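Here are a few friendly notes to read alongside the structure.

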Amino acid sequence: IIVESPSKADKIQNYLGKDYVVMASKGHITDLAKGGAHGLGVDVNNNFKPRYVLMDDKVATLDSLLQAAKSVDQIFVASDPDREGEAIAWHLANRLEDVGKPIKRMVFNEIKKDKLLKAIKNVRDIDMDLFHAQEARRILDRLVGFTASPFLINFFGSKLSAGRVQSVVTRMVIDREREIESFVPEEFWTIQVSLSQDSKNGFITKYNAKITDQNIALKLKDKLSAPNSEYIVTEVLAEEEKRSPNAPLVTSTLQQIMSKRHGFGAGRTMKAAQSLYESGYCTYIRTDSVRVSDDALKEARDHLSANNLNIPKKANSFKNKDTAQDAHECIRPSDLTLVPGENFAIIDLDEKLVYETIWKYFLSSQMLPAVFNTLKVTAQHKLDSTLEVKASGRALKDKGYLEMLDIVDDSKIEIPNLQKGDILKLFGNNSVKLEKKQTQPSPRFSEDKLIKELVNRNIGRPATYADLLSKITTRNYVEKKGNVYHATELGKKIIDVLTQFFNFMDYDYTSKMEHQLDEIESGKVNHIDMLKNFYPSCKKELDA
C-alpha cells in the first residue's frame, strides 16, 4: 500500500499488520518538464501532450518502491482521495507497471482500522476523469504561468510571475483598494430621542429615516424636541428569533474560523489539520461538502444525548453549494470520545486548537438552534404622525448550539414593558441628540473575508488558498499588515497590465474555468477539448 506521508504509513502499518507493506511516496514523484517551446513541458501542437519527469529528490523513493513492489502480490495506491491524489496514483501506477503486479486504487476518508479494511475490500481502477481534471488544471496553470510571466518580466523586470488564479486573487485585493481610494464619503445625520413612560427610566429610540441634508436635520430636531412633546406607542412587537447552527466544517470554513477567532493564516491551519488527519484524529481535510455519514450522525446525536445536551427530534441536514464537488464528507473528528483538552496524544498547540474547533463545530451542527427574545417598539409624535421613532432590543433566551462553541451573548433588552397606546415623554436634559456621520467604504479584506469572497466567486479551490495567499504576499503584489491585505504599487502596476491584455483576469472567466474542471472530473467535458478552447485565445492575447 502506497500512501503520501511517512507518518500516515506508520499509522496504517500498525493497523494492518504483517500481511501488508505500507510505504510513502512523500507526495508527487513526477512534475511537468520545463523544456520545449516557452519551457512549457507541454506539446501544444500535439493535443497538449504533457512531458513528465521524475523529480530529482524522488529517485531514491521510487527505487525503494520498485524494490518492495517485486516481493508483494498486489499494489494498492492509497494517495489522498482528491484530484491531486488521483494524479499521484496515476503517476505511481505508470512507473510501477513494469513490475507486472496488479495495481489498484484504494481510497479512504479517515484513518481508522474498520475504514481501512473496508477500503481494501473496495479497491477500484484509477479514475481517469479525476486524473484528467488535475492534469488539465496543471497544464492550464503552466500555459498561463510560463507565457504571461515572461511578458510581465519584459514590462517590469525580473522575478515576477503571473498565475491563472494567483493574479485574479491579487486583483481582488487591488480592486478593493481602488474602491477605497475612489470612495467619496456621503454625509448624513442621525437623531436619537430619549423617551420615558414613568419619568424615572429612559430608553433610546432612533428617528426612522436617513437624513442627508443638514437644514432638514436641524428642523426635525427642533420638532422632535419641542417642549412638552408627547409620543404615542403605535406598535409593540415581541417575538422569538431562532438562529440555526452552522453546517459542519469544510476546508474554507475551517480556514475562515481559525483566521477570525485565533489569527491563524490558512497555511498554518492546513499544516495542523493535515497532521491531525494523518494521525487519525479527523476525516480528510480537503473537502467542500457538508455531508455527514449516517454512522457519524448517529454517533454525534448519541454523544450529545449522553452528555445531557438537547438535540432536535430529527437530525439537522445541510445543503451543499452548487459548486461543491461532494467527493467526501465534511471535516469531523474520527472519534468523538477524544474530547478536546483531555489527556490524549495531541501535543502540538496549533493542532490542539484546530482539533477543538473541528470537534466543537461538528457537534454544534447537530444541536438545537439558539433562541432570542426580540422586542421592537414604534412610537409617533402626538402632534405629527410623520415623526416616527423606533427602538429594538434582543436577549438570549436559550443558548442552544452556542453553548458548544463558547459564544457568549449577554445583550439585554433595555426597553420597558410597553403596550400600544402608551404615552411617552422626553427624558433627561439632552433628550434629542443630532449626530453627523459619514458613509464608509468597504473595508480591506481580512484573511477570513478574502477566503469567503473566493468561495462566493468560485475562484480557485479551498485546498489551494493557503498557497495562493502565501504567493501573493511573498512576491510583494499585496502586503499583509496584521490580518488585513493592502495593495502595493507593484501589485497595482501588474494587475493593470494583465487586466488590459488577458481574459483570464476576468472574475467570471476564472469561475467558468473552475466549473469546466469540475465537468471534466464528472466526465461531461473532454480535457483536450477544454485546452483547445482555452489556448488559442490566450496565445492570441499574448501575441497582441
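1. A contact here means heavy atoms within 4.5 Å. Among the contacts in the protein with a separation of 6 or more, 76% are between residues 24 or more positions apart. Please keep in mind that this is a predicted model.

2. Now for the overall picture. You will find 16 helices and 17 strands in the protein. Its C-alpha atoms fill a box of roughly 100 × 65 × 40 Å along the principal axes.

3. How much of the protein is buried? Of the 544 residues, 46% are buried. The protein exposes about 27400 Å², and carbon and sulfur atoms supply 47% of that area.

4. A word on charge: the protein has 79 positive and 77 negative charges, and their mean positions are 2 Å apart.

5. Which strand does β9 join through 7 bridges? That partner is β15 (residues 432-438), and the two run antiparallel. Along this pairing, I191 stands opposite L434 in β15.

6. β9 also pairs with β10 (residues 202-207), in the antiparallel sense and over 5 bridges. Here S194 has I204 of β10 as its bridge partner. The two strands form a hairpin with 5 residues between them, and S199 in the turn has a positive phi of about 65°.

7. Finally, 2 bridges join β9 to β14 (residues 423-426), again running antiparallel. S196 has K425 in β14 as its bridge partner.

Conventions: Residues numbered from 1 in each chain as written. Predicted model: local features only at pLDDT ≥ 70, side-chain atom pairs only at ≥ 80, totals over all residues. Heavy atoms only, no water. Helix = DSSP H or I, 4+ residues; strand = E, 2+ residues; numbered from the N terminus. Buried < 20%, exposed > 50% of the residue type's maximum accessible area, 1.4 Å probe, protein only. Areas by Shrake-Rupley, 256 points an atom, 1.4 Å probe, with all protein chains shown as cover. Lys, Arg positive; Asp, Glu negative; His and termini not counted. Charge placed at Lys NZ, Arg CZ, Asp CG, Glu CD. Pairing = 2+ DSSP bridges.
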